[in-house]
Amino acid sequence: MPTIKTTKDIICIHCGEKCPNGSISIENKYFCCNGCKFVYKLLHENNLGSYYKIEDKPGIKVSDKLYDNHFAYLDNEKISGKLLDFSNKEISIVTLIIPQIHCSSCIWLLENLQKLHSAVISSRVQFLKKELSITFKHNKTSLRSLIELLASIGYEPQISLDDYNIETKRKKGSSLIVRVAVAGFCFANIMLFSFPEYLSSDGFLSENFAKFFGYLNLLLSIPVFLFSASIYFKSAYFGLKQKIINMDVPISLGILILFVRSVYEIISSSGPGYFDSFTGLVFFLLIGKLFQQKTYESLSFDSDYKSYFPISIIKLTNQSEEIVPVTDLKQGDTILVRNNELIPADSRLLSSHASIDYSFVTGESAPIEKATDDKIYAGGKQLGGIIQLEVLKNVSQSYITKLWNDANFSAPSTKSLSNIANRFSKYFTISVVSIAFAAAFVWMLLDPSQAIFVGISVLIIACPCALALSTPITLGSVQRILGRNKLFFKESDTIEKLANITHILFDKTGTLTKSKSSSIKYYGKELSDDNMSYIRSLVHQSTHPLSVKLYEHLPTNITYNIEKFQELPNKGISGFIHNIEVKVGSASFCGNTSETDKKDILESRVHVSIDSLYFGYFKISAEYRDGLIQLASQLSTKYKISILSGDNQSELATLKNMFPKAESFHFQMSPMDKLLHVKELQKNGDKVLMFGDGLNDAGALKQADIGIAVTENMSSFSPASDGIIAGEKLAYTYTYMRFSNIAISIILVSFGISILYNIFGLGFAVMGLLSPLLAAVLMPISSLTVVGFAVISTKIAARRLGI
Amino acid sequence: MSVLFILIGFSLLLSLSFLIAFLWASKKGQFDDTYTPSVRILFDDIKDEKKENNNDRMENF
């Protein structure tokens, strides 16, 4: 390898990328490309220069490779109508997802959109959701020109087939926070009104006041009983219907008895009731639920192919082009696909050649060359010129999309009912009920008038508040800690399942290998700095992924002008610099006859000739993630490991080296094969954890007990899964799994603590000494200790593990 | 002591108004986005910006 020469880098003031040279500038401000310069000028002309003051180099590099009519489909009323949230005679409102939103400058610029476009009335950003909603006068401008404006300043919205289905849009947030608010309000007021009762010795509180407070408390507890607590009753009812005693059964039993007993005491004027305990219990339980309900708004765990597929496509009919929604495509239609556009349905190629990038399907970005009559699967992206295709199957019937029609996808996911708290609650409920009966029976013999009171007291005090709180609080904090480490779980229950995993499956491409970066090595005659600059300048002209990789790899900074640039599909690129011909591409293209072209998914060779002289080739191969060997040795001590790959066996030796103890290696697996393999393992009693990335893993991810999608970029597509992990964190999987195991132990210890409290409380109850005050004191104390223990010990565990 | 009944009634009404205010706010979407407003409030008014920018531009161009 030649040595790398470093010059002082000039950084683009707009996007912060390295400027190839200092030629593009306004006064003393430099830009990496004309796109960035254009945006800078535009913003300054509109008095929006503060964009550069709020944050340093906030801009997004504008890709100028879009076609002029890239957004032409937005002129189709059927499509644009589906995108608008609201529209009347004058104004329309549209909400767009813009993944590029990343800093406060973005918010500032996008909320001042009316300075750039007079038709915009107002615009609002929701930063965490990366949403922009624009109110505009639609008779002054079209949706298309608005979106083109956004794209031109680097904020191209993501519009996909998903937006076409109105039903899936806008899910109303749950009313949990409202339930908490109501319960909290009633709890606080009841505590206030119960205070005189706590302080009064007998007779101090006049009869009138006691009655007044009693009825007031009763009134306040009704909304808690009917509204706030109703989720527990519902859940318990559904559990019992399926003959399962879940955690909500003893809770519902507890609150029901507390409430009924209290109402009886008030109406019969026999006591003050336990309304304080009752409302406090519901309030604390709901707070636990709220804590567990951590959602990551900017991540989508449910995306299927629709989030990625285009909303429209150009259809050729009688020599005229027509833009149609992709859902309207039928078998036999002829479609037109341009550079960087996605092929929405399985098709046959009509043009002479195409270069298809399947990175979205398989995770591998090296394009595959296709010739006339070749079958092209949906999900591929065309790179290069415009191609014509004949549709072979409907969008929903294509090879990849068919997976979603599989029975596994339509079946509603059964929420895990066998979790630890539910298993525990079965024994808990049975023992509490039997203790209550036993105590009532014994008192029946001693003092029949006390028997019912004692039995009910047992049920009241044993209500598993602390028990029910420890699980959500522990799992909720684990979920937060893992989220900080870029492992995001859709639901905190997944952490519990993680502790029971026996078999781990890895996809190879894009999961074990990095999908973006690759290792590049040069073999051949030594290249001088000039030569490298030539090559770099040439490949800069091409959008081919290999060219882009090579451009990023080569270290020089000088850029030459290329004359007579040519891009020959399937062959390579060529051009002249100072009358020297530079060629980059296949071996035969560069004049090397001895070498046959090696085409392989994991390795590509790019040959170089300068001035008709063959120099050598760059070997570009997919790179495995760091730390995999260590991960494999850690995991193999506890789990079975298998590799499922859609590729051929060429990497078997490398993988065997990396995973010496792996159970099995499977190659050339179709998406359906992967799904069936997971099923097979589950039949043999394995609990399967699957790591995958592309759409081809979607079936297996869904079928597995836990499916985790590996992604390089959190805002990019990841298939429906239980969790999403950042690619660079995959190597820490073992630590995260250990952490989950520790969390389960913490829950078990919390159970122990809450049982100790219960024994203490039950002692009083069985002896018939349970007063409302005692219940009101014991219940929060036990809850708080358990919650405190759970939170603090998960923090300590996380620190010990270094996460 | 019977004045207590009225006072308690008032205290209940007062706290009820807070609850209603909260419910109204959550229904209006006040809690939907808890991050962006914290950034938005720090932005300067764009009109003040204009003058400053014009000065900048005179220097630069």
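Here is a walk through a two-chain model, from the overall make-up down to single residues and back out to where the chains touch.

First, some ground rules: this is a predicted model, in which local features need pLDDT of at least 70, side-chain atom pairs count only at pLDDT 80 or more, and totals for chains, interfaces and linings use all residues. Residues are numbered from 1 along each chain as its sequence is written, while chains are lettered from A and ligands numbered from 1 in the order in which they are written.

Let's start with chain A. Its 803 residues hold 24 helices and 28 strands. Here helices (H or I, at least four residues) and strands (E, at least two) are DSSP runs, numbered from the N terminus. Of those 803 residues, 45% count as buried. A residue is buried if 20 or more other C-beta atoms lie within 10 Å of its own, exposed if 12 or fewer, and partly exposed in between, with C-beta atoms placed from the backbone. Two residues are in contact if their C-beta atoms, placed from the backbone, lie within 7 Å.

Chain B makes a simple contrast. Going from the N terminus, its elements run α-α-α, that is, three helices and zero strands. Of its 61 residues, 2% count as buried.

Now zoom in on a sheet in chain A. It is an open sheet of four strands in the order S3-S4-S6-S5, with antiparallel pairing. S3 (84–87) and S5 of chain A stand at the edges with a single partner strand each, so one side of each has no neighbour in the sheet. On average, neighbouring strands here are turned by 15 degrees against each other, direction ignored. Two strands pair if DSSP finds at least two bridges between them. S4(A) and S6(A) run antiparallel and are joined by seven bridges, with Thr95(A) standing opposite Ser133(A) in S6(A). S3(A) and S4(A) pair antiparallel over three bridges, and they form a hairpin with three residues between them. In that pair, Ser87(A) stands opposite Ser92(A) in S4(A).

What packs on this sheet? H4(A) does, touching S5 and S6 of chain A, and its direction makes about 160 degrees with that of S5(A). For such angles, axes are lines fitted to C-alpha atoms, for helices over the stretch in contact, and angles run from 0 to 180 degrees between N-to-C directions.

Helix H5 (residues 143–152) of chain A is worth a stop too. Its buried residues include Leu143(A), Leu146(A), Ile147(A) and Leu150(A). They sit on the same side of H5(A) because they cover an arc of only 90 degrees around the axis, the arc being that of the directions from the helix axis to the C-beta atoms. The buried residues of H5(A) pack against helix H3 (77–83), strand S4 (91–97) and strand S6 (131–137) of chain A. Just after H5(A), Gly154(A) takes a positive phi of about 100 degrees.

Next, the interior. A nonpolar core is a set of buried Ala, Val, Leu, Ile, Met, Phe, Trp, Tyr and Cys residues joined through C-beta atoms within 7 Å. The largest one has 192 residues, and those with the most contacts inside it are Val282(A) and Val458(A). Helix H23 (residues 733–766) of chain A gives the largest share of this core, 13 residues. Leaving aside neighbours within four places in sequence, Val458(A) has contacts including Val432(A), Ile435(A), Leu762(A) and Val766(A). A second, separate core has 21 residues, among them Tyr534(A) and Val582(A).

Finally, where do the chains meet? The contact takes 20 residues from chain A and 22 residues from chain B. On the chain A side, the elements that give two or more residues are helix H4 (104–111), strand S5 (120–126) and helix H6 (176–199). H6(A) supplies the largest share, five residues. This side of chain A divides into 10 nonpolar, eight polar and two charged residues; Ala, Val, Leu, Ile, Met, Phe, Trp, Tyr, Cys and Pro count as nonpolar, Asp, Glu, Lys and Arg as charged, and the others, Gly among them, as polar.
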